[in-house]
Amino acid sequence: MAGLPADIEGYREYVGARLEPLRRTAYLLCGDWHTADDLVSTALVRLLRHWRRVSRMDSPDAYVRRILLRVWLDERRRPWRREAAWAEVPDATVGCATDGVADRLTILALLAELPPRRRAVLVLRYFCDLSVEETARELGCATGTVKSQSARAIEALRSRLVGVPARVEETRTDG
């Protein structure tokens, strides 16, 4: 086949070993499994085009994460993504309180409310476990920007997590 890199088996091995972590990272960025699959597919096509060069890199994972991040940011700029999502999630069945599903859903919902840059900083720093310097390199910004964006993102999450019960409590004491 014309246009395929010489080391197609190396590409297949790489993708096979990293597909699930890439999907999880994409999901954390976008908050939707279907969109995450689309993002990963697009990123892997771009990776295939440059596989010959990427396969010789010391850290191809960083390159692939950068592709994934750029694909996500490009996708967010598309006009149809600006449409409002459904206002409410359908009623869910009641599950075991100890399984943490409600906590994870709350965190994911709060994460989805963050601006794209702050969300990307949190995903890269705390899910991908990158250092401040590595995150700055991935995002193409200064380390101070990573620190300030992560601090603001964490503060926003904290205030939303803590603020909701506090407001409910204040309402009860006032009434």
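Colleague: What pLDDT does the chain average?

Modeller: This is a predicted model, and pLDDT is the predictor's confidence in each residue, from 0 to 100. In this chain, 77% of the residues score at least 70. The average pLDDT of the chain is 81.

Colleague: At roughly what angle do the axes of helix α1 and helix α2 cross?

Modeller: Helix α1 covers residues 8-30 and helix α2 covers residues 33-49. Their axes come within 9 Å, and the crossing is right-handed. The angle of that crossing is roughly 145°.

Colleague: How many nonpolar residues does the contact of α1 with α2 have?

Modeller: On the α1 side, the residues include I8, Y11, V15 and L19, while on the α2 side they include W33, L39, V40 and L44. By class, the contact also has one polar and three charged residues. The nonpolar residues number 17.

Colleague: Is W33 buried, partly exposed or exposed?

Modeller: W33 is found in helix α2. Beyond its neighbours within four places in sequence, W33 is in contact with R23, R24 and Y27. The relative accessibility of W33 is 37%; a residue is buried under 20% and exposed over 50%. W33 therefore counts as partly exposed.

Colleague: How far apart in space are R18 and V64, C-alpha to C-alpha?

Modeller: R18 lies in helix α1 and, at 29% relative accessibility, counts as partly exposed. In sequence, R18 and V64 are 46 residues apart. Their C-alpha to C-alpha separation in space is 10.0 Å.

Colleague: Are α6 and α7 parallel, perpendicular or oblique to each other?

Modeller: The axes of helix α6, residues 116-127, and helix α7, residues 132-139, come within 10 Å and cross at roughly 135°. Angles of 65 to 115 degrees count as roughly perpendicular and those over 145 as roughly antiparallel. The two helices α6 and α7 are therefore oblique.

Colleague: Which residues of α7 meet α6?

Modeller: From α6, the contact draws on R117, A120, V121, L124 and R125. The residues of the contact of α6 with α7 divide into five nonpolar, one polar and three charged. The residues on the α7 side are V132, T135, E138 and L139.

Technical notes. Residues are numbered from 1 along each chain as its sequence is written. This is a predicted model: local features need pLDDT of at least 70, side-chain atom pairs count only at pLDDT 80 or more; totals for chains, interfaces and linings use all residues. Side-chain values use heavy atoms; hydrogens and water are left out. Axes are lines fitted to C-alpha atoms, for helices over the stretch in contact, and angles run from 0 to 180 degrees between N-to-C directions. Helices (H or I, at least four residues) and strands (E, at least two) are DSSP runs, numbered from the N terminus. Angles under 35 degrees count as roughly parallel, over 145 as roughly antiparallel, 65 to 115 as roughly perpendicular and the rest as oblique. Contact means heavy atoms within 4.5 Å. Ala, Val, Leu, Ile, Met, Phe, Trp, Tyr, Cys and Pro count as nonpolar, Asp, Glu, Lys and Arg as charged, and the others, Gly among them, as polar. A crossing is left-handed if the near helix is turned anticlockwise from the far one by less than a right angle, and right-handed if clockwise. Buried means under 20% relative accessible area, exposed over 50%, partly exposed in between (1.4 Å probe, protein chains only).
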